[in-house]
Amino acid sequence: MADKIKDAKIIFVVGGPGSGKGTQCEKVVAKYGYTHLSSGDLLRAEVGSGSERGKQLQAIMQKGDLVPLDTVLDMIKDAMIAKADVSKGFLIDGYPREVKQGEEFEKKIGKPCLLLYVDAKGETMVKRLMKRGETSGRADDNEETIKKRLDLYYKATEPVIAFYEGRGIVRKVDSELPVDEVFSHVSKAIDAL
Ligand SMILES: Nc1ncnc2c1ncn2[C@H]1C[C@H](O)[C@@H](COP(=O)(O)OP(=O)(O)OP(=O)(O)O)O1
Ligand SMILES: Nc1ncnc2c1ncn2[C@H]1C[C@H](O)[C@@H](COP(=O)(O)O)O1
Ligand SMILES: [Mg+2]
């Protein structure tokens, strides 16, 4: 089954919490027809199912911690296999969160051709998430958990960007700009593939 996805076009979308990853991915889907897989969305769907595993995940996510690597990687892999026959390419949003996740993904699935780095200032991300929290219903869009997520991003996820910079596949977009301007830079990065 994994053979079906080994030659797929894979883009990792990485950035801090609230930087605008999901917002840009939606626009890529509309323009390029890629398949958007957000690890956070996959995990929230499992929580929403009410399963025993979902309950354990909810407790972890509510604290702003990372869920175990195998859990999230298996979910992404299954979702990719399900779309393999129809997908023009995959946007893997919110993964890898740490270097080890990238290494395991490459062993079990394949190599990314691009890492899209959606960059915004810490204070901007906090403001956006507090605003989003007014309507999102996300249990982790609150001041305490946002701080934890941000700290973890700087500690665990920023090294991922350095790791892929070494391979020359990182394209950084300035997500302080208005959404459509950010997207014009995202489009350039994708058009260059
Ligand atoms: N360039 C932008 N300018 C202003 N607001 C933006 C911009 N991009 C996104 N937003 C808004 C939309 C949302 O309400 C909020 C967070 O964006 P979103 O795309 O959900 O971030 P994200 O997917 O990186 O966060 P998370 O990691 O928490 O899932 O900020
Ligand atoms: N790749 C991931 N590894 C571990 N945990 C993850 C991953 N993606 C999402 N999660 C958990 C932990 C996050 O705080 C929440 C929300 O993710 P988000 O990308 O902000 O929707 O889910
Ligand atoms: Mg998101």
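This is a predicted model: local features need pLDDT of at least 70, side-chain atom pairs count only at pLDDT 80 or more; totals for chains, interfaces and linings use all residues.
Residues are numbered from 1 along each chain as its sequence is written, and side-chain values use heavy atoms, leaving out hydrogens and water.

Start with the helices (DSSP runs of H or I, at least four residues; strands are E, at least two). The axes of H2 (residues 39-48) and H4 (residues 69-83) come within 10 Å and cross at roughly 100°. That makes H2 roughly perpendicular to H4 (the label covers 65 to 115 degrees). Contact (heavy atoms within 4.5 Å) is made by Ser 39, Leu 42, Leu 43 and Glu 46 of H2 and by Val 72, Met 75, Ile 76 and Ala 79 of H4.

Next, the largest pocket, with about 910 Å³ of space. A pocket here is an open set of points on a 1 Å grid where a 1.4 Å probe fits, with protein on both sides within 12 Å along at least five of seven lines; lining residues have an atom within 4 Å of a point. Of its 44 lining residues, Lys 21, Arg 97, Arg 132, Arg 138 and Arg 149 lie nearest the centre.

Both sets split by class like this:

Lastly, Asp 140 sits in the loop between H6 and H7. Asp 140 is buried, at 9% relative accessible area (buried is under 20%).

How values were computed:
Chains are lettered from A and ligands numbered from 1 in the order in which they are written. Axes are lines fitted to C-alpha atoms, for helices over the stretch in contact, and angles run from 0 to 180 degrees between N-to-C directions. Angles under 35 degrees count as roughly parallel, over 145 as roughly antiparallel, 65 to 115 as roughly perpendicular and the rest as oblique. Grid points are joined across faces, edges and corners, and a volume is the space filled by probe spheres set on the points. Buried means under 20% relative accessible area, exposed over 50%, partly exposed in between (1.4 Å probe, protein chains only).
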